[in-house]
Amino acid sequence: MYQVAVMGDRDSVIGYRAVGMTVVAIDDPADAAPAIEQLIQARYAVVFITETLAEKNETYLKTLRDRRLPAIIPIPSMQGSTGLGLRQIQESVRRAVGIDLFDREDEPT
C-alpha cells in the first residue's frame with residue numbers, strides 16, 4: 001500500500017503527524033535528496049515538501065518529475081509561501097494545454 005509523507009523544517013511539518021502522515025524533519029537542505037530516495041525505496045506515492053526546501057533542491061526535484069511516483073508537491077512553510085507551488089501548477093497546466101490559463105496580462109483593468 002502506498003503512503004504519504006511530508007518533509008521540511010520541524011516546525012512546519014510536525015503537525016502533519018496528527019493526520020497520519022510520515023513526517024521527515026530536515027534541517028539541512030543537503031539531506032533532502034537522500035531522504036526522498038529512502039521514501040522512493042519505501043514506495044511512498046506522495047511527498048509534500050516545503051517550498052523553501054524544494055527551492056533549495058530544485059535541480060534534484062526536476063529529475064523526479066518524469067517519474068510516475070512519487071508525486072512531489074510543494075507546500076508553504078511556517079514562514080509563508082514563496083510562490084513555488086503556484087508556479088509549478090502554472091507550468092504543468094501550460095505544458096498540458098499549451099497556454100497559460102493563469103496569465104493576468106490579458107485581463108481588463
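Two strands count as paired if DSSP finds at least two bridges between them, and strands (E, at least two residues) and helices (H or I, at least four) are DSSP runs numbered from the N terminus. This is a predicted model, in which local features need pLDDT of at least 70, side-chain atom pairs count only at pLDDT 80 or more, and totals for chains, interfaces and linings use all residues. Residues are numbered from 1 along each chain as its sequence is written, and side-chain values use heavy atoms, leaving out hydrogens and water.

**View 1. Strand E3 and its two partners.** E3 (residues 44-50) pairs in the parallel sense with E4 (residues 71-75) over five bridges, and Thr-50 stands opposite Ile-75 in E4. E1 (residues 3-8) and E3 are also parallel, over five bridges; here, look for Val-6 opposite Phe-48.

View 2. The four strands form an open sheet in the order E2-E1-E3-E4, with parallel pairing. E2 and E4 stand at the edges with a single partner strand each, so one side of each has no neighbour in the sheet. From one strand to the next, the twist averages 20 degrees. E1 and E2 are joined by four bridges, and Val-6 has Val-23 as its bridge partner in E2.

**View 3. Confidence along the chain.** The average pLDDT (the predictor's confidence in each residue, from 0 to 100) is 86 for the protein. Where pLDDT is low, the predicted coordinates should not be read in detail.

Technical notes
Axes fitted to C-alpha atoms, helices over the stretch in contact; angles between N-to-C directions.
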